[in-house]
Every structure is written in structure tokens, then in C-alpha cells.
Amino acid sequence: MPEPFEPKIVAFFCNWCTYLGADLAGTSRLKYAPNARVVRVMCSGRVDPQFVLDAFAKGADGVLLGGCHPGDCHYQEGNYKALRRFKLLQQFLGQMGIEPERIRLEWISAAEADRVRTVINEMVETLKRLGPRKAPVETQFAEAS
Amino acid sequence: MFDPDDIRVGVYVCHCGTNIAATVDVRELAAYGAGLPHVAVSREYKYVCSDPGQDLIRQDIRDHGLNRIVVASCSPHLHEHTFRTATAMGGLNAFYFHMVNIREQISWVNEDKVSGTAKAKDLLRAGVRRVAMHRPLERGSIPIHPDVLIVGGGIAGIHAALTLANAGKHVYLVEREPSIGGHMARFDKTFPTLDCAACILTPKMSSVKNHPNITLWTYSDVSALEGYVGSYKVTVTRRPRYIDESLCVGCLECIDACVYKQAKVPDEFNYGLGKRRPVYVPFPQAVPLVPVIDPETCIQFKSGKCKKTCIEACGDRHAIDLRQEAKQEIIEVGSIIVSTGFQAYDARRNPYYGYGVYPNVYTALEVERLVNASGPTAGEVVLRDGRKPQTVGIVHCVGSRDENSNRWCSRVCCMYSLKLAHLIKEHTGAEVYNFYIDMRTPGKGFEEFYQKLLNERVHFIRGRVAEIADWGLDATEEGKLVIRVEDTLAGKVRRIPVDMVVLSTGLEPQADANDIRRLFNISCSSEGFFLERHPKLAPVSTFTDGVFLAGCCQGPKDIPDTVAQAGAAAAEVLALIDAGHVETEPNTAYVLDEFCSGCKTCVGLCPYHAITFQEERRKSEINQALCKGCGTCVAACPSAAIGQHLFEDSEIFEEVEGILTYA
Amino acid sequence: MSTTFEAATSRRISIEPVTRLEGHGRIEIFLNDEGKVDRAVFQVPELRGFEKFVQGRPAEDMPQITSRICGVCPTAHHMASTKALDDLYRVTPPPAARKIRELIYHTFFVEDHALHFYFLGGPDFVMGPSALPGERNVIGVIGKVGIDTAQRVIAVRRTLRDLMAAVAGKAIHPVFGVPGGVAKPLTREQAVDFRRAAGEAVDFARFTLDLFDKVVLANQAYLDLIHSDMYAHRTYYMGMVNEQNRVSFYDGTLRVVSPSGAQWARFETRAYRDYIVEHAEPWSFMKFCHLKSIGWRGLVEGEDSGVYSVGPLARLNAAEGMATPLAHELYLRFFGVLRGKPVHYTLANHWARLIEMLYAAERMRQLAEEDEITDPHVRELPQSPGDEGIGVVEAPRGTLFHHYAADDRGRITKANLLVATQNNAARMALSVEKAARALIDGSTVQEGVLNMIEMALRAYDPCLGCATHSLPGSMPLMVRLCSRAGSVVASLRRDSDGRIVRE
Amino acid sequence: MKPKVAFYWCASCGGCEECILDLAEDLLPVLDAVEIVFWPVALDFKEHDIQPVDICFLNGAVRTSEQKRMAELLRANAKVLVAFGACAQLGGIPGLANLSTARDILETAEEATGSDGDHGLPLPELFDTVLPIDRVVDVDYYVPGCPPTPKIIGQALTALLKTEVPSRHSVLAPEQALCEECPRRATRPETLALDRFRRVADTIIDENMCILAQGIPCLGPATRAGCEGRCIAGNMPCTGCFGPAPRVRDFGAKALSAMASILAPTGDDEITDALRDLPDPAGTFYRYSLPASFLTRKATP
């Protein structure tokens, strides 16, 4: 019988809020789904849309961006830049047939360990419901060659 | 003997005792690491952060010609520095190192070993790919301005200020009230030693005032902050007190001369139990001893039709200046101590205790003022109608350990309730009942104090008070406040009629804690107190270099702990100042001239104005000293002409690639 | 030489350019059981999905996106598209803007007609049917008309294209068309340059016409060729005309004349769907445009068949003259020499094209001399969001329709693009069929079929670029004889040196 | 003996061929320097004529089995294969077809013709995905542009005919983005904070000011220089036909990031509002480069 679908999430967490939130989740021994793989960046403002598209192109089922709450950015306003890029990016992904639920931007502070758990669990549930990504690029090439 | 160009990675998987080993198969992981491209050595070890663990790395670098190191263990926030140092000791550039977090990210949050190990493999693969892209980097160093800013002039701020000033450092102490002293100045005695708060605080207050190394600004707020560790630019707004501190000699004649013959205004310092005039000093030992004119109540300010007898009284000292305006002071400091204290829980939030409804329900702080010799009643514990209470009930944990208000224990209530019980009994001889959930007396001499109270025949009833009401069932309860409580020891509901109720309100973050947090760019823990960098290893540091914490703004604590913490904060600051400089993380962004088109997209994005446009070269330029390494400009540059040390595009692409290429 | 098929019941002959590209234009010849030509068609496939993938794009991007349909006549698509936007947004460009558009458009006509005559479709006609295809190209033409002429052609085209670029941003894939006007005004300096260039263009057009006189009209063999029945079809003709029924490229009314030359219809471009419909055959992507009320009678000529054609010849036939003096003289001469109107000789397209070139040059000059053209007010802003828009122009190769629908955010929801070659498809098929019937009888296929069919098709200058990426001038053909099963029984194709070989 | 040069096209509009003619007089010296062995726009040629050449300029994207086969054939015969023009380098505007499928496209055509789709005629296989040349065969150099400018073409030819050729896989155009050579560069303010984006459809563009500063998404900052700002000179925004700057891996993502970064609004709804007049991110940021992007095409069920 086939293995149950385990979505792979690439998560970009900012060093000062969300990554610390995840650390706190650890020290608090909160249990959550193992599907997310965290890439640490200094600020959500560092997340280049290229990274997100690359992740999707390489087969990620979902991408999670984590930053400080509005007004709380360690770098004052990096998270606003992240938000603007995110909203435009999400529109584009929609046009590319990638469901909006597959990319998520969350404000999670260093104290919100439980939020880390909830968000990741929720996202895994959503992605399981959506199922695997529609035909990834590779198969399109197969067709072309 | 080893080709420097060929990348040789050393992988070290940490057991962290059983912390990791329990839920990640470290042997399998290490074996997997050995099979990854470029990996020359892959080991697992009990505690890689231990000395032998670090030696292992150093030795391997020599023996196996490693030129990249990956450690899979805990959060980089904990040990990145440790392992970078080890890498450097081995003779490599410290930044040829990458840390993979398999503890906070995996073993502690994951249940089964299989999925945990699988996840660990992904992260390790990503780390190994990433580290291959790393390049040698040098840390920068920032000089530390020796002056210090301390925000909040309670006992914490006062103690830290004196410690630093005595060490010869210049301190700016900013307090928003007209006087320093904070909550402690309002206390009568302090537990458990019952020595008089004023007697121990007042001398410290005046030495602050007189210390050549301390600039004291009361009635002032920090309104703006820019810069970074070593050189902060601080803007302090000094509200007008309409009396010139430099001219006033503190004779207080203006107060007596005020056209208000009777003090009519409820005074803040005594929580409205006493009255003051429009021109006043909050309390006799105030520092500085300079009155304030309250424009809200001063006739001259309200109608412009006052005889201004105060000005007459001041005479040729001309200290009174009704046209005084808010003044901005701009100062440079290298480090900051935040000691903004706490606020008491507002008892009105528990309506069933009748505070604000029944005149004889008081808060503990109000009673502190009542029992205080210099208080509104000159130390007489009397009810609002002047009667002496025969029976007094003290209700613990009001706004503490309560799902409906604050869940945390405020740590000091049990002890100050005992103290008040003692003082009330001492002043009035009344029967005193304590209603408590648990009696918490962990501290030097605390338990003994509790015993002493028991011997003084103070009543202790275990149970959370359900309600306080003024309707009696029988003559004994007539005209009294009836405290309804389930005595969990006796196992029955009891009704205790009393004349006076004291609510032991808890400690909570200042109402404006969030604004302060943002101002100083620090974090709060979930209950809203400021977050320390590490609860055990860095209890007075924050995640913002050069900003430290002292006192109850970081969490409830008693005076000894506060003073100890203030000392610790001062010590951290001294270490910083005496080192003279601080090493910076080399994660700054830089422009690759040959690819910069001069489109200026980046210039406006930098919150630190680190990016300038060089008209003659028609390129953007990033000031390495000002750049804080957020990387926003890197992500925004449409030509990818901006790189960021430690977070290069290539490094992140490799990491993502590593995560997603199933091996 | 002949090929015989034993016991073949039904066969198909497939002729297609060797340089096959996606959904490429091809010729299909269907034989009936007797081996006679049952039907022959020229197939123009779909437009590389443009009609599909423009859906969702912002309407204002259409002039730039659709110009990529064809790099040879991008200006025609750009212009039709821009006019469709005016209509979509219900906005009328200011006078100066309209004149600038016309100026650029007529400049484009001059250089495009020149390009065709000297480089693309023209050569095999100029070189004559007897010439080897190896010589039927620009090199051959240079050889025949001399290097000086070649250099003059190059120089004039460059001047014109540089001027276009100065105003339109780029000569290939221009960017100046916006709803309600043009992107920027014309400077006085530019107007002066255009005036000078227009002068040169007129001289050049007349020079080319003289050349045509010398090389073609003075040569009886050519005249016979033009008059030959092989290339004559009595069909309807459509073209755009102004109020005085003079030929008009940028704007006007569509006029259709019958094979006998009588006005059959005169209608506003927005109403095109009432007059033109596309007939679909299950065996082809191609839309067979024909006249609605007459209807589809199959690939037949005459008053009763809805088949019509567009392009230079059709435009001259459908009009009653040219709007400029010099061109009008030649217009009269054209019908004089070719005896009567309408002219049904397909090969007369080459001459008609040169007359249009002169007209375009004259019109250029008129426009450049108007003061109003340098008025800085060149843009009206749309007031309402668009819903539907139709833009029609005469492209060098014939009438070009752009028809869009847009959503409330001004994004295209539907696009219908009707290019000249589709308008001509039926008549082109007729030409192919005529050649096929003449040259193919049941058992044999004569090599000549290739020459003749090439001649017929090139006369239309079918801009396959619009549909197939294959450019006129590079249409070496191949005849494939296929059994019903589709397997190639035999095939003919021409070698690079022009010899026909059998494979 | 003269180096042999060939021109050929895949899925393109012919503009790339046309722009070689636009070299005009400058074409003649080129014709002297090299021997053009095939050039369909001007000279007939057939597949079996293909012979080994020194340089092959291939324009157009790959859309069908035919084109793929042709590209492979030319690669095998060319010492140096140059992807010529936007379609060859990035997929070009026909690459927007990657937002739909071959089926959609055929259906649209059928709907338009009312044909039942049983054409009875064999057509070359239409790929679902339009591909730039280098996703099919190895490409040595790129000449960008839709179409490339005579200047760029001239420089490319000179560079390739030199003895020491440019580094392989390089794009034969300047290393910086268009702003570097933009005629309006001086008018670009140092800091931009746009309240919202605007559309060409309802904006009159000031001829003397940076177009991006006027709120029109101009892709000049993200687009490789070399065209000398043709569209800007035409008073219209750059749409990115010269493709990405050297270090950029996904043109649209970078353009999108830069554009979003210069917006002022901070609130969720204000941002949505600011983006209202940017209704087609895919078509705007990937006008020419969708097939060369990370995602390449729309995901299909």
C-alpha cells in the first residue's frame, strides 16, 4: 500500500522572533508535525522571492515565512517589506496554479512558542488536504524531451 | 598534503546526552553524514560543546585537513559562538562553520524517532551543502561610548546608576515621575527584616542627586532612540515642571504660598488617600526636592487669573517659570539599562471584591501608605470614616495565579501580606485574617517571618476568597464587610465579617511596556514582561546588544533580587565599557560595483541609512559600520548586485536545495 | 516522368515547406477515386495560442504583445490593437495623436512594401518564372537591378525605420500606441526629418515603379504571365476606403465589390461580423473567411460564391481611386493597362503594391507637412473601464481585425484576431486548386506543380509569419503522395540549386 | 578562410531575422567577414543542406518536436551556438503560452473555428511547455532582446569573431541593468515610496521623469542594459525584453521583489489596494521569461 502523503514545508524564519519562538517551542517541549524544515535568515525582509519559487520548483509542497509582528521588527520594518512581497508573490503563484494556501506568512514573536506549533500543524493539515503539488516542472520536461 | 581548493567537511552530531539521542538516531545520522558529498569526517559525540568535544573538532581539522565544519546539535543562539571558536582554534576561519539545529527544531518537538531522524538528515544535508559555499570572514569591532543611559529611577535604576557612577562611568538616569524612588519609596517597612524602606532608600536617592557622575532627569521620558551598541543616540523629553531646577533651592515656600489654602487635589503618591495643592512635591523626601506645578489644577493655567502668590513667595530666586516648555535633550551613550518597573494589578478588575464600591476595601499599596509615618494619616491605620478597624482581612493573590486575570505568581504578595498583617496588628491590635491559596515563603528569613506571624496569632485561612459584600445575615455581620471563602482545610464555606479589607494585588507589566519594548527594540515574554536573552545564562541581557534589564520590568521580584539584578546589569555594562569595543557579527550587506546599475532601489529601504548613492560613481554604497545585516536590500536588489556575508544568495539556495534533494 | 499508383482508391498529396515549424502552413491536395483533384487547400494554422494566452493580460499591453505575432508587420498588429483599445475604452485620440499614428503607419507601409518587393515575395516574380529558385532571392535581385539600387533600397529603408524608431521606440515591435493617443508628441525637428524622408520616399517609390515598368511591363512575357488564366479568379474584393471611396490604410469604411466590380457592401468596421463569417472544415484549423449573406459554396469562384480576397490588388479593386495625386494617376493607368476593373489577376498584386507604396509616401508627406501634427496634446485618458473593442486596419497584406473583450479590471477575457492571410485563405486555396487541377491528373504529377503553386502563393505575399513563423520568400515546397494510411508513397521536392528530385 | 555562419529560427515572429536586415549598411561588412551558409529569411535552404558551421545564430523558442529536433541538429553542427533574441534566451512572449496548456490552445482555436478538432492532418507535436533553447541543448552564448538591437548584434559578431572569445554561457550585453544607461536616470529619486502602482492605460507619462517614479512598473532596474532605453525613449516603461542581470536566477521574482519593496503602504488592505492596478503579475514580470523561470509554467492538474 502507498505511503501516506507527508508534505514538505520549507520555512524561512527570522532570527529574532520566529526562530526564537521555535527555540522556545523546543525548550518547552511542545510537540508538532515534523514536516517543516527551517532556514534561518536574519529578517523576514531577507527572504528573496527567488527562494520561495526555487523551493516550489524543487518540489516543496508549501513555503512558510515567519517574521516579527508588525511594529516589532528587530530591523524596524523589514517585515513590512516581506508582507508587500508576499502579497504580490501570492497573486503570482495563483496565476501559476499554486494554491494560495501553499504559501503562508505568519508573525510569530519570540514568546509565541505555541503559535509555532499551531501554525505548522495547521499548515500540514491544509497541505495534506490539498494533496501533493500539481505536476512539478520535471514532468513537463519529460513531455518536452 | 590536502588540496585547499577541495572542500573537506567535518560533521559532528551531538547526542546532547539523551536530549537529542533519545528521539534522533544519532549513529544513523552520523553515518548518513559520512556519505554526503565533500564530507571527510563524520562523528557523533555525547556533548560536542564540551571541551573534549571541541578538541575532537580541532584535532580532526589538523589530522584530516578539514576546511569546513558542521555541528548538528542545539540552537545556534546557544552554541554557535562556542563552535565558531573551536573552528578558529583548529586554525580555520571561524565562519567556515555552520550549525544545524536538531534539538530545539527536532528532538524536543518531535515524537517518533523515524521521522525525527529523517528530518535531521534533511537539515544536515542542507547544512553540508551550505557550508561548502561559506567564505572566510572577519568580525568587525565597534567602539563603546562610555556613557550609560538608565531608564527608570526605582530602586533598580538607582542601584545600577550608583554602581556605575562609583566605577567612574557617566550615567544618565531618566525618571518619568517628578521624583525618583519608584514603588519602594512608598513602602513603610520591608520584609522580612522590617527595616524602614525610607531609611535604606533615601540615602541612595540623595547620593544619586549629588553624584558628580550622574545626570538625573526626572519628570522626563525617552522619546527617541537610534544607533546600536556602542553608540546610541537618545532623545530625552523633559516635561515642564514650571519650576527651574537650577534656581529652586527646595524651600517649598511656594507651596505654602499657593492661593489654595487647603490642599484639594487628591495626590498621586498616596493613591488619593491624601490631598495636595496644584504646586507640590510628591513626598517630603522627594529627589530632586523641587516642586512641580500641575497645569491641570493651577488656577493661573486654567483661568489666567491667579494672584500668583507662589511667584511672590519665590521672590528674587525667580525659580518659577510658568512659560517653561518641554525640552529635548539629545545624548550619546554606549549602553542602556531598562529598569522601568511594574504596575500594581487594578483591583477593580475583580468586581466581586468590591474595590471602589466599598470604601473600606483597600489595596495593599494604599495600606502601605496608611501604615507609613510620613503617609496621609501619619501612620495611623484608620478607616475612611476615621474609625480604627477591629478586624481586618487580607486577601492574597488578587490578580495573581488567576486564570481570569494574570496566571503568574507575583512572588512578593505572600511576604508583603505577612508584613502588612504584622504592621496592622502592631498599629491597631486588630484581628487580622489572611486568605491565601498557598503560602509561598522561599527566601532568606521568609519562613521564619511566617512563623513569627503565626505566633502573633494572625489568622490564616486557606482558600480563594469568593466574594466580599456588605450585607450581613445577623447582628455580628451588621455594618461589616463579609468575606465569603471556602476554607479548604476546614472543608467548609465560611463568612468572616471584617471592618477593613486589604487586597494583595499582584505585579504586572507597565501599561506602556509595549511602547518601551519597541523603543528599545527588545522583546516581551508572553505575559508582557521584558524578555531576557537567556533565562539562565544571560538573565539581564536582551537580544539587542548593549541593552540590559533590571528589576520588575523583567518579571516580579523582591527588593533584594532587584538590587542583585541591577548590580548584574551594571556589571555587564562595565564589562562592555572596559572592553572598549564590541565584536560584531560579520553579516553585513555589500554592493558588487560591477553589477550595480545605480537604480537606487536599495537606498530608501535601509532603516539605518547605511546605504548612500555615490553620484560620481553612480553606484550605491553600504556603510559597513551602519549596516545591521537585515538583508532587506539584498532581497530587493533587482540586479542581485548586493551580497550579504553569512547569508549569500548562493548559501541559501544551497540550503534549500539540500532540504529538498532527497538522498 | 511520372509516378503511378496501383490500386490506390483515395490519395492525398501534401505539400509543405521544408522548414516546418509549429502548426505550419501547408498545402493539401485530395484526390478522388478517379485520381482527379478532388479538393486542394492551403492551410494556415492557429496563431501559436496568442488568442489563448493573451487572456488575463492587461488590455493596454495588447499592442505590444500582439505585435509579436509577426516581426515583419508588427506595426500593423500594433496599430489594429491600439485602435481596438480606443474602442474598448471608448476614447477618441486628439487630432495630433491620430496624425502621428497615421504618419508612422504610412512610413511603415513604404518600407514594408519595399521590403517585400526587393527582399521577400517580389524576387521570384522580378526574376521571372524561368529563373532558378536559387536566384529567386535578394541576391538575385541585386544582381538584376544592380548594387547601387540595392544600396538605395537599404538606405531608404534605414532612414524610414530610424524615423519610426525615434517616434515609436522601436521599428520592430513599436511601443507608441496607447488607448486614447500616442505615448509622446512629435517634435518639430522630427516633423522636419519626416518631411525630408517623405520626399525621398516619394522619389524612391517612383524610381521603383519605373524599375517595374522596365523589368515587367515592358516585357510581354510578364504581361502574358499576369494575364494567364492560371492566376485569375473572379472573386469578391474587400478593402478599406475613405469617404470618397479612396484607398485608406489606417481608418475608414470597409467596402466590398463583386466580381463584376459593383459595390456589394459598404460597412463600418465594428459591424464586420455581420458581413464576414468564418467557415470551418473539420480537416483544417483554418478559418475560411467568406461573405456572410452569400454564404459558403465551397472553393468556387463567381458572384454566387462568398469567397473574397484582400491585399493590394483587392484594395485597388474595392476603391475608386487613390487619395493622393501621383498614386491616383497610376491607379488609372493600372486598370487601363490591365483592361477593366476589377482586375482578377493575382499576379497584379505586385504592381498594386508599388502603387500603394507611392500613395503611402505621398500621404507621409501630407501628414508631415501639417502643423497640427506637432501639437503636444496627444493623449485622452479613458473615462470608463472597457468591455469590448474592435480595431481594424489595412495591413500591407490585407485587412487586419483585432477584437477584444475585457473584464472589470481591464484584463482581456477573449480575443479574436483575424489576419490578412486568413481573409485570403479561400482564394489562395482556389489558386492552389487551380494549379493542382491543371497539373495533376490521376496517375501522374508533373514537376511544374511546384513552380506554379509557389508563384500563385507568393503573389499574395502570405505573411505566414503572422501564423506560422515561416517568412515569404522561403517557401520551398514539397509534394508528398500519401496512401490513405498516410504513409509516404513518393515525394517530390526541390533541391537548393532548384532541381527537382524525387525521393 | 571565412568563418561559416548560419541563421535559423524556432518559435519566433521573424523579428529577429528582420532586425538583422536592419543592420542595413552595416550588414555589408559583416557579409564580407563571414560566409553565410544558410539564412531562411533571404535564402532558400532545406534541412539536408545543414552542414558544419562555426557560428549558428538560433532565434525563437522550442515549442514542438520539430523545433527540438532542429535545435539538436544545429547544435550538433555548430562549433558555437548562439541563442539569439528573447525567445531563444528566455522563451519570449510566446512563452506566455506556459500559462495555459497545448490543449487549452487547441481548444481555443477549435472554438474559434467551430472545428471538431478532428483535422485529419498530422501536426507536429505541440509541447505543453515552451522552452528556451538552453533547456533543450547546450548554448554557448546569448544575444538578448526582443528584438536585439543592431548595436548589440554588431558587438556580438565582433566579439565572437575575435581570437579570444568571451567566457562561455555569457550574455553578450552589458553587465548592469538598464538604469545604468537610461536617458532618465538622473530623474530617479534616491528614495521611492509609492502609494500605489499606476497603469499606462489611465496615466499620462511625463516625458522628463523616471517612469517608475511616476508609479508605472518599469522593469528597467531589473533588466539587462544594452538597448539604450528604446522604450523609455518612446516614453513607455521597460518590459524586460533584455532579460535578467547576470547574477539573477529568476527575472520575474527579482523584478517583483524590487517593485514590492518600493511600495509605501504597511497595512494589509492598503497593500492590496496599492496592487490593484497591477492585475497581472505573471504577464508583467515574466512577459518574456516565463519558460526560463524557476516555475517554467503553470502547474496543471
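Mentor: Let us begin with contacts and sequence separation. In chain C, residues 24 or more positions apart account for 70% of the contacts with a separation of 6 or more. Please keep in mind throughout that this is a predicted model.

Trainee: Which secondary structure does chain C have, and what share of its residues is buried?

Mentor: Chain C comes to 16 helices and 19 strands. Of its 503 residues, 61% are buried.

Trainee: What is the average pLDDT of chain C, and where does pLDDT stay under 50?

Mentor: pLDDT expresses the predictor's confidence in each residue. The average for chain C is 81, and 74% of the residues score at least 70. Two stretches call for caution. Over residues 1-10 of chain C, pLDDT stays under 50, and the model has 15 contacts beyond four places in sequence for them. Over residues 465-503 of chain C, pLDDT also stays under 50, and here the model has 139 such contacts.

Trainee: Let us move to chain B. Into which domains is chain B divided?

Mentor: The assignment gives domain 1 (9-139), domain 2 (141-232 + 332-341 + 519-582), domain 3 (253-317), domain 4 (344-508) and domain 5 (589-644). As for distance, the C-alpha centres of domain 1 and domain 3 of chain B are separated by 67 Å.

Trainee: How should I read a sheet, and in what order do the strands S10, S7, S6, S18 and S29 of chain B lie?

Mentor: One reads the order of the strands, then the sense of their pairing. These five strands of chain B form an open sheet in the order S10-S7-S6-S18-S29, with parallel pairing. Strand S10 (214-217) and strand S29 (547-549) of chain B each have a single partner strand, so they stand at the edges and one side of each is left without a neighbour in the sheet. On average, neighbouring strands of this sheet are turned by 20° against each other, direction ignored.

Trainee: How many bridges pair S7(B) with S10(B), and which residue stands opposite Val171(B)?

Mentor: Strand S7 (residues 171-174) of chain B pairs with S10(B) in the parallel sense over four bridges. Val171(B) has Ile214(B) of S10(B) opposite. A helix also belongs to this picture: helix H15 (residues 559-579) of chain B packs on the sheet and touches strand S6 (148-151), strand S18 (335-338) and S29 of chain B. The direction of H15(B) makes about 175° with that of S18(B).

Trainee: Is the pairing parallel or antiparallel in the sheet of S11, S12 and S17 of chain B?

Mentor: In that open sheet, ordered S11-S12-S17 in chain B, the pairing is antiparallel. Strand S11 (220-228) and strand S17 (327-333) of chain B are at the edges, each with a single partner strand, so one side of each has no neighbour in the sheet. Strand S12 (residues 231-238) of chain B is joined to S17(B) by seven bridges. Within this pair, Thr235(B) has Ile330(B) as its bridge partner.

Trainee: May we examine a single residue? Why does Met205(B) count as buried?

Mentor: A residue is buried if 20 or more other C-beta atoms lie within 10 Å of its own. Met205(B) has 25 C-beta neighbours inside 10 Å, and therefore counts as buried. Met205(B) lies in helix H7 (residues 197-210) of chain B. Beyond four places in sequence, Met205(B) touches Ile158(B), Ile180(B), Gly181(B) and Val287(B). Met205(B) and Ile155(B) are 50 residues apart in sequence, with 8.7 Å between their C-alpha atoms.

Trainee: How does one read an interface between chains, and how many residues of chain A are in contact with chain D?

Mentor: One asks how many residues take part, which elements supply them and of what class they are. In this case, 29 residues of chain A are in contact with 28 residues of chain D. On the side of chain A, helix H2 (49-57), helix H3 (78-95) and helix H5 (137-144) each supply at least two residues. H3(A) gives the most, with eleven residues. By class, this side of chain A has 15 nonpolar, five polar and nine charged residues.

Methods:
Residues are numbered from 1 along each chain as its sequence is written. Chains are lettered from A and ligands numbered from 1 in the order in which they are written. This is a predicted model: local features need pLDDT of at least 70, side-chain atom pairs count only at pLDDT 80 or more; totals for chains, interfaces and linings use all residues. A residue is buried if 20 or more other C-beta atoms lie within 10 Å of its own, exposed if 12 or fewer, and partly exposed in between; C-beta atoms are placed from the backbone. Two residues are in contact if their C-beta atoms, placed from the backbone, lie within 7 Å. Two strands pair if DSSP finds at least two bridges between them. Domain bounds come from an automatic or database domain assignment. Axes are lines fitted to C-alpha atoms, for helices over the stretch in contact, and angles run from 0 to 180 degrees between N-to-C directions. Ala, Val, Leu, Ile, Met, Phe, Trp, Tyr, Cys and Pro count as nonpolar, Asp, Glu, Lys and Arg as charged, and the others, Gly among them, as polar. pLDDT is the predictor's confidence in each residue, from 0 to 100.
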